[in-house]
Amino acid sequence: MSFLDIRDLTVVYTNGRETVHALNDFSLRLERGKTLGLVGETGAGKTTAALSIMRLLPERTGRVLGGSVTFDGADLRSLKEEEMRVVRGGKISMIFQDPMTSLNPVLTVGEQIFETLELHNIENRSHQQLWERVDEMLALVGIPPERKKDYPHQFSGGMKQRVVIAIALACSPQLLIADEPTTALDVTIQAQVLAMMDELKQKLDMSMIMITHDLGIVAQTCDDVAVVYAGEIIESGSFEDFFMQDKRRHPYTRGLFGSIPNIDSRERRLTPIEGLMPDPTNLPEGCRFHPRCPDCTERCRTERPTAHERGGHVIRCHLFEKEGE
Amino acid sequence: MWKYVLRRLLVMIPIIFLVIFIVFFIMNITPGDPVQMILGNDPPQQAVEDLRRELGLDQPFFVRFFNYIKNALKLDFGLSYRSRRPVFEGIWPKFPTTLLLAVLTVTVSTVLGVILGIISAVKEYSAVDVTLTFTSLIFASVPGFWLCLMLIIVFSLKLHLLPSSGVGSIRHFILPVLASAIPSAAYLARITRTQMLEVMRQEYIRTARAKGATEKRVIFKHALKNALMPIITIAGTSFAAALGGSMITERIFGLPGIGNYILTSVQAKDVPVVMGSTIFLSVIFMVMMLLVDLAYAYINPTLRSRFSRK
Ligand SMILES: Nc1ncnc2c1ncn2[C@@H]1O[C@H](COP(=O)(O)OP(=O)(O)O)[C@@H](O)[C@H]1O
Ligand code: SF4
Ligand SMILES: [Mg+2]
């Protein structure tokens, strides 16, 4: 079994009478020490997947209907809340999209890093030792340790995201989930923060899920790639499967990569594909992608395709049914 | 920071002048003649004229106003028409009662309001929340005097548990404090609930949970501290207002506080006392508001650093 193994995860949000089908039989695997790029348009379900792993879905609206999440051999869905708290911030950390809002405005950045350390202080280190570790973490992300006494509003966006990263990495987690960590930052800062994350990842020997809609980031940082569409993984495989060959390709991914002749191209953003993502409260029958698919057949309208694998490269599309035999 | 305080103190001066003018003017146009109040019915003509001259009432409005300001600047606020003693000799002894009532009221209402507000927010849409929200809506909107009377009827007249008036012991303060604290607790509970719900939606709350913080820690350390920011201002303002003495409460429960004193002085047309107490209360109110703002700036890091940079 993989280090992180998500199988057939199904998640809905219920707001009043509406039901949003955010994840539908979502399956994903990640090996120790690897970085997985989770790619998809806004609303595809990327954040929902991350929150489901952490069990941080909005309490009243979000609900997991089925599936399993296994992390390092443990079934996360069946853990007690206090066992889950040991995992959160200790073994799995998460970085949220917007650094402007993800720090508490009334606590100093030092206090916020310290808190994580204190919550997961398994070795019973003294406060002084923990504060030394705070300094270490700040230095690690390139912030002068003296600034631990400052409040979040005294930092720029890029610096805030560094603080967020310091919080996430403070307890040396085995898995880091970064939800569009650089989307809110401007381009020059983006590159710095990404380079730093990559370096820290190597240094600390973590696994990472890099959620993004920027194929450039995927190309730079990821070992594996998974593409989300309407709450399901429609294609997943290695970096080579995605960037080195283009024969085997889900029609949606083909569209995404349409404008990218090679990795060095400047146009690395997802290219918009004609049509819109389906309404998650009312998903289409059959293949979720069929209303936008250039290769759509009669069968696609009624029958939902299953995942077809070849050498670790998985595609959920009827076109690839026969080749495995 | 000191510049800011100085500026705020300077702004108070014109405000106090305005207050003096307005009260002076109102006391001037309302019916009732202080001389008649002092001398009773049918006094000899000569006595009336002597007293009018002595009190300066024979002079035109603006001259009297100007004289008042001139004396006030020398901290001479005149003699009470009734007692013929300096105004502040009458005001000071009333202050402790009002102060005690204000401190108790604000403490009770803030503690009660914040706790109930947190419960409501944490248990959003539960039966507890709905009940609390409904009850606080009612108590925030009932008239003050009605609540006073209901408390007296229930706890003094029917149950004979508590005295309905007077100041003998701390027990005498229970009903007045409840009467003043309940409506503002209800108001504060509603504000706290809204604030908490707003804060709990913020991303940094999710960050706190993602760190592995317990729900208790998330609520009390991360959410409450943020939600309390506006509540500090509200509680501070209501304390400043309570220092002005709640006239209705003090009157109904027979508490010899400033509010009650002003009421009787207004009825007796004791202009110097009314003027003196009004000035006293406006200064206290403005100083309190300044302290509240400073406290808020001290607690709120965003404002604090802006201050210290100045
Ligand atoms: N709290 C919520 N309540 C209702 N619907 C939600 C909520 N959060 C997300 N959704 C919906 O679930 C779908 C997936 O959202 P999300 O996981 O945030 O996508 P992504 O991160 O890929 O942009 C979207 O259609 C979004 O509108
Ligand atoms: S299953 Fe059919 S509609 Fe769906 S992607 Fe494949 S070809 Fe297109
Ligand atoms: Mg998202």
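Helices are DSSP runs of at least four residues, numbered from the N terminus. The model shown in these views is predicted.

**View 1. Gln128(A) in helix H4 of chain A.** Gln128(A) belongs to helix H4, which covers residues 127-140 of chain A. The relative accessible area of Gln128(A) is 58%, so the residue is exposed. Ala170(A) lies 42 residues from Gln128(A) along the chain, and the C-alpha atoms of the two residues are 15 Å apart.

**View 2. Helix H3 of chain A and its surroundings.** Helix H3 of chain A spans residues 109-119 and is mostly covered, with 8 of its 11 residues buried. The buried positions of H3(A) are Val109(A), Gly110(A), Gln112(A), Ile113(A), Phe114(A), Glu115(A), Thr116(A) and Leu117(A). They pack against H4 and helix H5 (157-169) of chain A, and also against H11 of chain B. One of these buried residues, Glu115(A), takes part in a salt bridge with Lys211(B).

**View 3. The interface of chain B and chain A.** On the chain B side 22 residues are in contact with chain A, and on the chain A side 27 residues are in contact with chain B. The area buried between the two chains is about 2400 Å², and carbon and sulfur atoms give 56% of this area. Arg206(B), Ala210(B) and Lys211(B) supply 26% of the area that chain B buries against chain A, more than any other three residues.

View 4. In the salt bridge of Lys211(B) and Glu115(A), the side chains meet at 2.8 Å, N to O. On the side of chain B that touches chain A, the elements giving two or more residues are helix H10 (203-210), helix H11 (215-243) and helix H15 (301-309) of chain B. The residues of this side of chain B comprise 6 nonpolar, 7 polar and 9 charged.

**View 5. The shell around ligand 2.** Ligand 2 is surrounded by residues of chain A, among them the cysteines Cys287(A), Cys293(A), Cys300(A) and Cys317(A) and the histidines His250(A), His290(A) and His318(A). Pro251(A), Phe289(A), Asp295(A), Pro305(A) and Leu319(A) also belong to the surroundings of ligand 2. By class, the shell holds 8 nonpolar, 3 polar and 1 charged.

Methods. Residues are numbered from 1 along each chain as its sequence is written. Chains are lettered from A and ligands numbered from 1 in the order in which they are written. This is a predicted model: local features need pLDDT of at least 70, side-chain atom pairs count only at pLDDT 80 or more; totals for chains, interfaces and linings use all residues. Side-chain values use heavy atoms; hydrogens and water are left out. Contact means heavy atoms within 4.5 Å. Buried area is the accessible area (1.4 Å probe) that two parts lose on being put together, summed over both. A salt bridge is a side-chain nitrogen of Lys or Arg within 4 Å of a carboxyl oxygen of Asp or Glu. Ala, Val, Leu, Ile, Met, Phe, Trp, Tyr, Cys and Pro count as nonpolar, Asp, Glu, Lys and Arg as charged, and the others, Gly among them, as polar. A residue is near a molecule or strand if one of its heavy atoms lies within 4 Å of it. Buried means under 20% relative accessible area, exposed over 50%, partly exposed in between (1.4 Å probe, protein chains only).
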